[in-house]
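User: Can you walk me through this one? I'd like to go through the packing bit by bit.
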Amino acid sequence: MNTAAEPRIDPLVQAKSLAPLREFIATTTRIVEQDQPEPERVEAVRAALATLIANDTWLPESAAQPHPEHYQQYLLHCDPLERFSVVSFVWGPGQRTPVHDHMVWGLIGMLRGGEIGQSFTKNGVGELVPHGDAATLSPGDIELVSPSTGDIHQVSNVYDDRVSISIHVYGGNIGAVSRHVFDLQSGAIKPFVSGYSSPQMPNIWDVSHIVRERIQKEGA
Ligand SMILES: [Fe+2]
């Protein structure tokens, strides 16, 4: 991440703006502590994610940068027990994924712009074919992927001329999960692991500026 190129943001404003993400992480940690069946867990996380993406003021600039050639996936948080991870997906104009799976549940919440998702399923002779129509996600929309409900899809930016961003929550440390990409022409299935687009994570836990402001107000 080239932080030198980023505009300077007042650290107090930055710390306050990150509150929705900190709250989402705390809420989701409490949810996964309950060890419920996947459908209940996913629905609880979906409600928390809906709250998170209801406003578009909290995503740090460092996790919103597109790449000219391929989409980016920035890790925002990984649960210490790898029960969930939170990632910002940044789509440059016209960018798309290959057809791929996830191997864990995932919720895709649209934050900015839009993306098109096409699901795939195996037909009677084991070939991958489109499953239903492509779905377009607009800001606030949430889509589910899961090995138990349909795990194979291809996603692309709706727009050829602007960046789109979605916030994904997965039931594991998604960058380290062994997954697959599918070649529809040849039928080839290749294993892959996505990793993350940056070795750094935004520091969302420096709330010292908020505490300092409170101390100053109390002392005034
Ligand atoms: Fe995906």
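User: What do the buried residues of α2 pack against?
Analyst: They pack against α3, β1, β2 and β10. This is a predicted model, where local features need pLDDT of at least 70, side-chain atom pairs count only at pLDDT 80 or more, and totals for chains, interfaces and linings use all residues. Residues are numbered from 1 along each chain as its sequence is written. Helices (H or I, at least four residues) and strands (E, at least two) are DSSP runs, numbered from the N terminus. Packing here rests on contacts, meaning C-beta atoms, placed from the backbone, that lie within 7 Å.

User: Which residues of α2 are buried?
Analyst: L21, F24, I25, T28 and I31. Buried means 20 or more other C-beta atoms within 10 Å of the residue's own, exposed means 12 or fewer, and partly exposed is in between, with C-beta atoms placed from the backbone. Looking down the axis of α2, the buried residues fall within an arc of 125°, so they line one face of the helix. That arc is taken from the directions from the helix axis to the C-beta atoms.

User: And which ones are exposed on the other side of α2?
Analyst: A26, R30 and E33. Just after α2, D35 has a positive phi of about 55°.

User: Switching to the sheet: what's the strand order?
Analyst: Five strands form an open sheet, β1-β2-β10-β4-β8, with antiparallel pairing. Two strands count as paired if DSSP finds at least two bridges between them. β1 and β8 (142–145) are at the edges with a single partner strand each, so one side of each has no neighbour in the sheet. Neighbouring strands are turned by 25° against each other on average, ignoring direction. For angles, axes are lines fitted to C-alpha atoms, for helices over the stretch in contact, and values run from 0 to 180 degrees between N-to-C directions.

User: How many bridges does β10 make with β2, and how many with β4?
Analyst: Seven bridges pair β2 and β10 in the antiparallel sense. Six join β4 to β10, also running antiparallel.

User: Is β10 itself buried or exposed?
Analyst: Seven of its seven residues are buried, so β10 is largely enclosed by the rest of the structure. Both faces are covered, with S164, S166, H168 and Y170 buried on one side and I165, I167 and V169 on the other.

User: What does α3 lie across?
Analyst: α3 lies across β4, β8 and β10, running at about 10° to β4.

User: Which residues touch the most other members of the largest nonpolar core?
Analyst: L21, L49, L76, V87 and V169, out of 37 residues in that core. A nonpolar core is a set of buried Ala, Val, Leu, Ile, Met, Phe, Trp, Tyr and Cys residues joined through C-beta atoms within 7 Å. β2 gives the most to this core, with five residues. Leaving aside neighbours within four places in sequence, V169 is in contact with T28, V45, L49, F84, V86, G106 and L107.

User: Last topic: where does V207 sit?
Analyst: V207 is in the loop between β12 (189–192) and α4, and is partly exposed, with 14 other C-beta atoms within 10 Å. V207 and P11 are 196 residues apart in sequence and 9.1 Å apart in space, C-alpha to C-alpha.

User: Why does I215 count as exposed?
Analyst: Because I215 has 10 C-beta neighbours inside 10 Å. I215 lies in helix α4 (residues 208–219).

How values were computed: Two residues are in contact if their C-beta atoms, placed from the backbone, lie within 7 Å.
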